[in-house]
Amino acid sequence: MNKLYRAAGTVDRDFVGQITYTICLDHPLHELDIEFSFDKQRFQESDVTPALIAETAQICREKYGLTGTEDDVRRAILGKMKTEIHTLATINDEFIGCVHKQLTHRHMHYAWPDASEGCIPRETFEGVLKVTVLVFNVIQDDTHYSLTVRGE
């Protein structure tokens, strides 16, 4: 398939929002692939500092009334906290799919009559394709993402 569009960016900790990329398709396509990936989904052991543990414990107490030992907080940071970013696509403002899986690398693939899970098969794609990156939670600064759209 031919590369139609590529974008990349960086989001920082605590960012919540949507980033929409608009691609004008200059001819009808019969197959489409939207590839999205990001890094830093979870903390690594080396990321967990005494300052991060103290900050997380304070947030848990103040916002949720939760308390726990330093080991409880460390386990929560390493096992439960994660960056959540999803992708949604429309063609001419008509919904064609959304992928909510907790994967750092995913494809939204369309080739009639099949499509990836969460995507609606179509015979052709023409007009204006919009891909929206839905950012629900970012746990680390400098979280990089990339988006590549291919078609034929």
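The accessible surface of the chain comes to about 8600 Å², and 49% of this area belongs to carbon and sulfur atoms. Accessible areas were computed by the Shrake-Rupley method with a 1.4 Å probe, and for residues only the protein chains shown count as cover. The structure is a predicted model, in which local features need pLDDT of at least 70 and side-chain atom pairs count only at pLDDT 80 or more, while totals for chains, interfaces and linings use all residues. Residues are numbered from 1 along each chain as its sequence is written, and side-chain values use heavy atoms, with hydrogens and water left out.

Of the 152 residues, 38% count as buried. Here buried stands for under 20% relative accessible area, exposed for over 50%, and partly exposed for values in between (1.4 Å probe, protein chains only). The chain carries 16 positive and 24 negative side chains, and the centres of these two sets are 5 Å apart. Lys and Arg count as positive and Asp and Glu as negative, whereas His and the chain ends are not counted. Each charge is placed at NZ of Lys, CZ of Arg, CG of Asp or CD of Glu.

Two helices and nine strands make up the secondary structure of the chain. Helices (H or I, at least four residues) and strands (E, at least two) are DSSP runs, numbered from the N terminus. Their order from the N terminus is β-β-β-α-α-β-β-β-β-β-β. The radius of gyration is 19 Å, well over the 15 Å that the globule rule gives for 152 residues, so the chain is more spread out than a compact globule. This radius is taken over C-alpha atoms, and the globule rule is 2.2 Å times the number of residues to the power 0.38. Along the principal axes, the C-alpha atoms fill a box of roughly 60 × 25 × 25 Å. Among contacts with a separation of 6 or more, 78% are between residues 24 or more positions apart; a contact means heavy atoms within 4.5 Å.

Four aromatic pairs are present in the structure. Rings of Phe, Tyr and Trp (its six-membered ring) pair if their centres lie within 6.5 Å; planes under 30 degrees apart count as stacked, over 60 as edge-to-face and the rest as tilted. Phe36 and Phe38 form a tilted pair, with 6.2 Å from centre to centre and 40° between the planes. Both Phe36 and Phe38 are buried. Ring pairs join Phe36, Phe38 and Tyr145 into a cluster.

Tyr110 and Phe125 have ring centres 5.3 Å apart and planes at 65°, so this pair is edge-to-face. The pair links distant parts of the chain, with Tyr110 in strand 6 (residues 105-111) and Phe125 in strand 8 (residues 125-137), 15 residues apart. Tyr110 is buried at a relative accessible area of 0%, and Phe125 is buried with a value of 0%.

Some backbone features fall in loops. The peptide bond from Trp112 to Pro113 is cis, with omega near 5°, and Pro113 is located in the loop between strand 6 and strand 7 (114-115). Asp14 has a positive phi, near 75°, in a residue other than glycine. Asp14 belongs to the loop between strand 1 (2-11) and strand 2 (17-29), and counts as exposed at 58% relative accessibility. Asp142, also not a glycine, has a positive phi near 55°. Asp142 sits in the loop between strand 8 and strand 9 (143-151), and counts as partly exposed at 41% relative accessibility.
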